[in-house]
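This report describes selected features of one protein model. The sequence and structure are shown first.

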Amino acid sequence: MATINSIERLSPFKLNSRPPEPPRRYAPPLLCQGGEHSGYGPFPSFSRRGGPIRGRGGFALPVFFQLNRIKNRLKLLVMRKSLKTNAITAPEPSSPSPPPDLFPIVGIGASAGGLEALEQFFSGVPADSGMAFVIVQHLDPTHEGMMPELLQRGTPLAVQQVEEGMSVWPNHVYIIPPNRDLSLIHGTLHLFEPGAARGLRLPIDFFFRSLAENQRERSIGIILSGMGSDGTLGLRAIKEMAGVALVQDPATAKFDGMPRSAIDTGLADIVAPAEELCERLLAYLQMAPPHIPVLPVVDDLDQSGLDKVMILLRAQTGHDFSQYKKSTLYRRIERRMRLHQFDKIAHYLRYLQENPGERELLFKELLIGVTRFFRDADAWAQLRDVFIPQLLAERLAGGPLRAWAAGCSTGEEAYSLGIVFKEALEQLGTGHRFSLQIFATDLDPDAIAKARVGLYPANIAADVSPERLQRFFIREDSGSYRIGKAIRELVTFAPQNVIQDPPFTKLDVLICRNLLIYLNSELQHKLIALFHYSLSPGGILFLGSAETIANLNDQFSVLDSKSRLYRRETPAVRLEPALLPTMVLPMHASGRPGYPNILPIVNLQMLADQILLQRYAPAAVLVNSQGDILYISGRTGKYLEPAAGQANWNIFAMAREGLREPLLRGCQEAFQQPADEPIVQQGLRVRTNGDYQTIDLTVQALKEPDALHNLLMVVFTEVVTPAVKVRGKPVKATALEVKIEQLERETQRLREALQITHEEMQTTHEELKSANEELQSTNEELQSSNEELTTSKEEMQSLNEELQTVNAELQAKVEELSRANNDMKNLLNSTDIATIFLDEELRVRRFTTKAATLIKLIPSDVGRMVTDIASDLIYPGLAIDVAEVLRTLMFIEKPIHTRDERWFTARIMPYRTLDNRIDGVVLTLVEITDWKRLEGELLQVRQELNAQRADQAGGE
């Protein structure tokens with residue numbers, strides 16, 4: 001029982017206090033995105049035969065992978081046994097008790113060829129799986145659906161068509177009715193009238209989005225066979241909530257449009273044939289932790305593993321995720337662990353160390369690059385109709401505006417800003433001359449590459465109105481939409497880490513939507529302050545629906561709290577300069593080579609006071625290696641004073657008489673001492689306001705904490721005037737004796753300082769001699785390089801003259817060619833003869849104006865086959881005659897007629913180049929309608945004359 005209970009705790013979904021039934025046969029490790037079987041990445045494959053598990057190239061995988069697989073088999077056997085002894089039938093919908101709260105609801109999207117894929121999928125679903133399945137298909141709205149009856153024959157689950165307000169029960173299959181959209185709200189299915197015209201409906205995206213909003217991290221989406229791209233945006237919403245996405249292998253799908261669209265966008269977690277998807281899904285759910293409404297508690301061991309995962313990611317990508325919310329990080333890592341069947345983060349950490357490809361996929365997982373066009377449409381409408389016009393009204397003279405879309409992902413929101421800006425300008429009229437420059441940045445270089453291309457699937461029609469699609473997008477032959485040139489030219493894309501890299505400044509609009517919610521509160525506060533620094537006074541900040549400016553109300557005024565639109569204000573109290581992102585998080589050396597790791601000195605006073613209280617009590621200063629004072633503790637006026645001239649906070653410039661040399665010597669020696677060993681100089685005599693003060697000087701180089709590494713702590717300790725013994729009694733020394741002792745100590749210090757100076761002079765002299773030799777050698781090299789450059793300059797001048805000559809000749813040739821082209825065009829048009837130049841494959845090269853009246857030619861038809869273009873000519877043998885002319889090199893001439901009873905003489909001749917090479921044919925069409933009419937009349941007259949002669953001959 002202890003074993004069964006421990007396995008029950010592994011399952012996230014409970015049905016009457018028992019886990020879901022496992023697959024009938026052992027489920028191998030998941031074929032995730034990147035599995036070798038699917039061909040999508042570098043991950044090792046796993047054998048289902050006996051013997052050692054082997055990866056790519058046949059090498060045996062580590063032993064712990066094999067042990068993990070054996071452990072999973074044992075868990076499945078125990079679960080089967082517990083299910084047989086505790087079999088409980090799922091309640092029927094007619095039961096008065098409500099359905100269980102926690103069980104997986106699986107959304108399945110299918111289209112053309114979906115019945116076959118669904119039958120294959122449900123062939124592997126056990127009768128008591130503990131899951132509910134909701135099928136959304138593209139159905140003909142004019143016909144009654146027969147899918148429930150067809151599907152019921154191949155599955156033991158109860159299959160029924162959805163009705164309004166129907167509750168979802170486990171071990172049931174629900175099918176969308178025709179001509180309806182489907183949504184899930186609190187475990188209840190609701191039907192809606194389709195909001196789009198037929199042919200533009202996206203019911204799979206519609207349901208998947210509601211599934212993600214209600215089930216969140218428990219949401220599961222499956223894409224099976226189908227045409228188009230419906231379901232891709234819905235899977236994005238599921239992945240944003242840390243759900244799981246399964247896709248049928250396109251090679252096994254009858255129609256691979258929908259599966260391939262999901263895979264190409266990088267959304268698929270599991271790719272497999274339809275009959276194996278349920279088995280993989282059950283294996284994934286078996287590794288899921290129990291679902292609880294509060295955030296998961298990370299123990300010390302898991303926290304250590306989490307930190308190690310962050311270190312591996314930082315080493316490979318150069319990006320630090322340590323200031324992301326721990327709950328988000330753990331949930332995303334936990335999802336990858338379930339995909340690979342790991343129950344402990346230590347095992348996953350080892351797998352991560354050995355697989356760079358998995359580190360890259362985990363990096364993509366943490367980026368959460370989910371976006372869409374005009375997300376929160378009301379907020380975008382308010383920005384267009386109200387706030388952008390207000391911003392433009394403040395600039396009556398016009399001019400350029402600057403905008404920054406931080407965390408732009410694949411560019412949808414950056415392009416959305418460009419579209420609403422164009423629409424706002426049109427509303428204001430043509431008299432306003434404004435331009436907009438949008439800087440769109442994201443951490444993911446792959447997302448930036450897709451944004452630059454600007455090609456989006458057809459299902460963006462769910463978010464973009466038909467008018468905007470027609471005006472600002474170009475429909476490709478594949479059905480996808482490409483952003484128009486007018487909007488594309490407004491946006492400049494670049495990879496950037498908003499946390500580490502410097503920001504854009506002097507902005508009028510800044511968009512950062514649904515990025516801050518993944519960061520901890522401290523980093524959120526710093527980024528909001530950074531956005532205030534980046535915006536110009538009066539600039540607009542546009543945040544996501546779940547983000548706010550926190551307590552920075554003095555820096556921003558609220559334009560619309562619901563839409564999360566804010567205006568940048570200038571506070572009455574002057575703010576400290578914004579901390580640039582390069583100081584927020586230290587960049588790893590692999591992220592930007594050549595730059596040292598500069599750790600931020602935070603809570604400097606607290607750290608310095610801690611050390612002073614532990615080791616010292618007197619006045620002290622904290623300085624860096626150059627002697628610049630960073631922090632002062634206690635009263636140091638007796639030892640330091642501001643230097644005359646420009647303000648200088650360097651301790652060597654501020655040291656009083658008698659202290660400068662000891663300070664310099666002590667600082668130099670402190671860095672050479674072992675850790676925690678200070679340099680102490682006793683009995684120093686410092687001049688203070690007309691008198692002398694005897695002190696002990698202590699200088700120590702700090703090694704820890706890390707924030708104080710390589711800094712110096714300088715401590716000034718006052719000492720009393722030394723006393724001497726006279727006749728056995730301690731009395732104060734006479735002035736002369738004290739003076740002599742002080743002079744001796746000062747002489748000794750001067751000797752030591754002189755010795756140090758002498759050694760430094762010798763070292764400096766040797767370095768200068770060496771530098772002089774290097775300079776002489778460099779001078780010789782520079783002289784040689786100068787001579788070579790002089791020679792190269794002469795050669796470049798000569799080459800430049802040649803290029804100018806060639807350029808002049810080319811310009812003359814271009815002008816001559818242009819004149820010849822114009823002459824040719826006028827000649828061909830003046831003949832009023834339809835002429836078409838074709839290549840060997842009947843593709844149009846050039847045509848005259850007359851030819852366009854017979855064959856519906858337009859300038860963009862150049863390059864198309866002439867037989868594919870609508871024509872008035874009745875000439876089915878054109879291709880055969882062209883082939884014959886090219887074979888025999890003899891012209892062909894024949895009469896042809898048109899659909900409107902006109903006649904032409906078609907003459908096909910070989911096209912010969914100046915070098916006597918055949919490069920296509922020339923087709924000329926000369927109208928002979930009048931000739932044909934006269935020929936017919938002559939023929940008729942001849943027939944009449946013949947008839948008259950025959951009559952006369954018969955009369956005789």
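How many bridges join strand 17 to strand 18? Five bridges join strand 17 (residues 507–512) to strand 18 (residues 535–543), and the two strands run parallel.

## Basis of the model

This is a predicted model, in which local features need pLDDT of at least 70, side-chain atom pairs count only at pLDDT 80 or more, and totals for chains, interfaces and linings use all residues. Residues are numbered from 1 along each chain as its sequence is written, and side-chain values use heavy atoms, with hydrogens and water left out.

## The open sheet

Seven strands form an open sheet with mixed pairing, in the order 16-12-11-17-18-20-19. Strands are DSSP runs of E of at least two residues, and helices are runs of H or I of at least four, numbered from the N terminus; two strands pair if DSSP finds at least two bridges between them. Strand 16 (491–495) and strand 19 (556–560) each have a single partner strand, so one side of each lacks a neighbour in the sheet.

Within strand 18, Phe542 is the bridge partner of Ile511.

## Helices on the sheet

Helix 14 (residues 412–428) packs on the sheet and touches strand 11 (399–406), strand 12 (434–442), strand 16 and strand 17; contact means heavy atoms within 4.5 Å. The direction of helix 14 makes about 170° with that of strand 12. Angles run from 0 to 180 degrees between N-to-C directions, with axes fitted to C-alpha atoms, for helices over the stretch in contact.

Helix 15 (residues 445–453) also packs on the sheet, touching strand 12 and strand 16, and its direction makes about 165° with that of strand 16.
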